Amino acid sequence: MSDQLAVRTSRLQNAGNGLFALQSFGAGDVVCVYHGDILTTREALQVEDKSYLMRLGKGVYIDARDHPDVIARYINDCRSKGVHNVAFEKDPIKKRAIVRAIRPIAPNEELYVNYGTWYWLAYNMTHKENPIK
Ligand SMILES: C[S@@+](CC[C@H](N)C(=O)[O-])C[C@H]1O[C@@H](n2cnc3c(N)ncnc32)[C@H](O)[C@@H]1O
């Protein structure tokens, strides 16, 4: 898949898989790229499993649900301020998001990105029996 990154069981509880660094990254380095099927707002609203759905900008979404080869889709959100080590740089023109290191990352660190408030609001609405705080 990649000699810089590996998909392994997440260190977060009940989070499934996560993405881990196999090498060091410096702050500002491009770590990988998030891409997938390109959807309009109308199409995005109809997606049942929104786990891998990302809004890039007005009317532009990408969905990596059917793309297990896109390793960026395995990045979890640790939900703790100050612990995130990568950020999504969304590009609605190129229809992708660059995953960029926001601080130095050491080998074996799990990558964590802030999905944003709306992702978790929607997630918890559809997982009322098992919300993620
Ligand atoms: C983009 S996927 C990340 C990869 C996913 N863990 C997997 O195994 O394919 C987003 C999903 O990961 C899980 N996830 C991410 N962060 C989590 C957390 N802090 N706690 C529990 N589950 C989390 C949730 O199921 C979420 O909908």
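How many bridges join β7 and strand β8 (residues 96-101), and in which sense do the two strands pair? They pair in the antiparallel sense over 6 bridges, and the legends below set this pairing in its surroundings.

This is a predicted model, in which local features need pLDDT of at least 70 and side-chain atom pairs count only at pLDDT 80 or more, while totals for chains, interfaces and linings use all residues. Residues are numbered from 1 along each chain as its sequence is written.

**View 1. The whole protein and its order of elements.** The protein has 2 helices and 8 strands, where helices (H or I, at least four residues) and strands (E, at least two) are DSSP runs numbered from the N terminus. Read along the sequence, these elements follow the pattern β-β-β-β-α-β-β-β-β-α. The C-alpha atoms fill a box of roughly 40 × 35 × 25 Å, taken along the principal axes. The radius of gyration, taken over C-alpha atoms, is compared with a globule rule of 2.2 Å times the number of residues to the power 0.38; for 133 residues a compact globule would have a value near 14 Å, and the protein agrees, with 14 Å.

**View 2. The sheet that contains β7 and β8.** Here 3 strands form an open sheet in the order β3-β8-β7, with antiparallel pairing, and two strands count as paired if DSSP finds at least two bridges between them. The edge strands are β3 (30-34) and β7 (86-91), each of which pairs on one side only.

View 3. Strand β5 (residues 53-57) and strand β6 (residues 60-63) pair over 4 bridges, and the bridge partner of M54 in β6 is I62. The hairpin of β5 and β6 has 2 residues between the strands, and in this hairpin G59 takes a positive phi near 75 degrees. In a regular strand the side chains alternate between the two faces of the sheet.

**View 4. K81 in its loop.** K81 is found in the loop between β6 and β7. K81 is exposed, because 7 other C-beta atoms lie within 10 Å, and a residue is called exposed at 12 or fewer such atoms, buried at 20 or more, and partly exposed in between, with C-beta atoms placed from the backbone. Although K81 and N114 are 33 residues apart in sequence, their C-alpha atoms are 8.7 Å apart in space. Buried residues make up 24% of the 133 residues in the protein.
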